[in-house]
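Open your viewer and get ready to select residues by number. We will take a short walk, one stop at a time.

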Amino acid sequence: MRVNDIKNVLMNEQFAVYGNGYIAKRFYKQLVKIGASNNLAAVAVTEKTEGITGINNKPVTKISDINRDMRIILATHDAVADEMKAVLEKLHFKSYIWIYPYLFDMELGEPIERNRSIALSDLLKINLKVYHLVIYYLSLKDYCNENKYNGELYKKLMIHHSSVETANRRWENFRKKINKCMTNGFTQDYNVKVLENYNLLDGFHRFAMALYFGGYVINADVYKGDKEFFTKDAPGGDVLIGENELTAYYAPNEVEDIKRATEELRGMSMRENAYSK
């Protein structure tokens, strides 16, 4: 299925969104953009919590209460997608689309180039302006060594734009990937996504694992543009950890470790290698 096929579905059918977090909010922006927001019939979650509202202040419904003939748009990151797909299949929903693999194409258009091989050092030079990548890398490195934090730095980062439950699930998912790399080494499963100026859009986990486990290059899909993607008024929203968020979320000793890891990665970004373009 291509993005235009999905847009056609969204503009011509009623549907329910399964998911009420960061990805669902990004998806709703695209519904408004293409004029399909009126076709959003319901916002559903697995277990309803009192007092929560859905995207665009829609009432939140348990997924088990949604008509099984309704088209479902699964709006979640890959960390919990398999679990939510299993819920839909157990409930015998007839049709669903997992929107995350298509979301960047909806937001930015299809990539201008796929499978570009990019030197890790070149990506690092651009992506140390905020602390997102650094915290992924430090959390991974710490887990593989003394495990002083046991994922707490990572979870604090996730709580900046998701629930505590989601943060815990995403750490568990990341931890499993790290364990697999510790046994088998790093193998890239999906392309990362970058803008033309190499600002990283998607693939922070893969990038961090490639760095730690000794990679030199990573394959990327390249999207047109060079503007900031993760800001309040941009499609990605204001979700990255900058200087203000760093001191708000992290204790002084944690900030010190994060700053030290930043300098480590800055040093790595200065490496030149035969794979640079």
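Start by selecting E172, which is partly exposed at a relative accessible area of 30% (buried means under 20%, exposed over 50%, and partly exposed in between, with a 1.4 Å probe and protein chains only). Helices (H or I, at least four residues) and strands (E, at least two) are DSSP runs, numbered from the N terminus.

A note on what you are viewing: this is a predicted model, where local features need pLDDT of at least 70 and side-chain atom pairs count only at pLDDT 80 or more, while totals for chains, interfaces and linings use all residues. Residues are numbered from 1 along each chain as its sequence is written, and side-chain values use heavy atoms, leaving out hydrogens and water.

Next, select helix 7 (residues 152-159), where E152 and K155 lie three residues apart, about one turn of the helix. Their side chains meet in a salt bridge of 3.3 Å, N to O. Are the two partners buried or exposed? E152 is partly exposed, with a relative accessible area of 37%, while K155 counts as buried at 15%.

Move on to R206 and D202. Their salt bridge has its closest N and O atoms 3.2 Å apart, and both residues are buried.

Which residues are linked in a network of salt bridges? Select R2, D105, E110, R114 and D221 to see them. The whole structure holds 23 salt bridges.

For the last stop, select strand 4 (residues 71-74). In a regular strand, side chains alternate between the two faces of the sheet. Here R71 and I73 lie on one side and I72 and L74 on the other, and all four are buried.

Now show the neighbours. Strand 1 (residues 15-18) pairs with strand 4 in the parallel sense over four bridges (two strands pair if DSSP finds at least two bridges between them), and Y18 stands opposite L74. Strand 5 (residues 96-98) also runs parallel to strand 4, joined by three bridges, and there L74 stands opposite W98.

Key: Salt bridge = Lys/Arg side-chain N within 4 Å of Asp/Glu carboxyl O.
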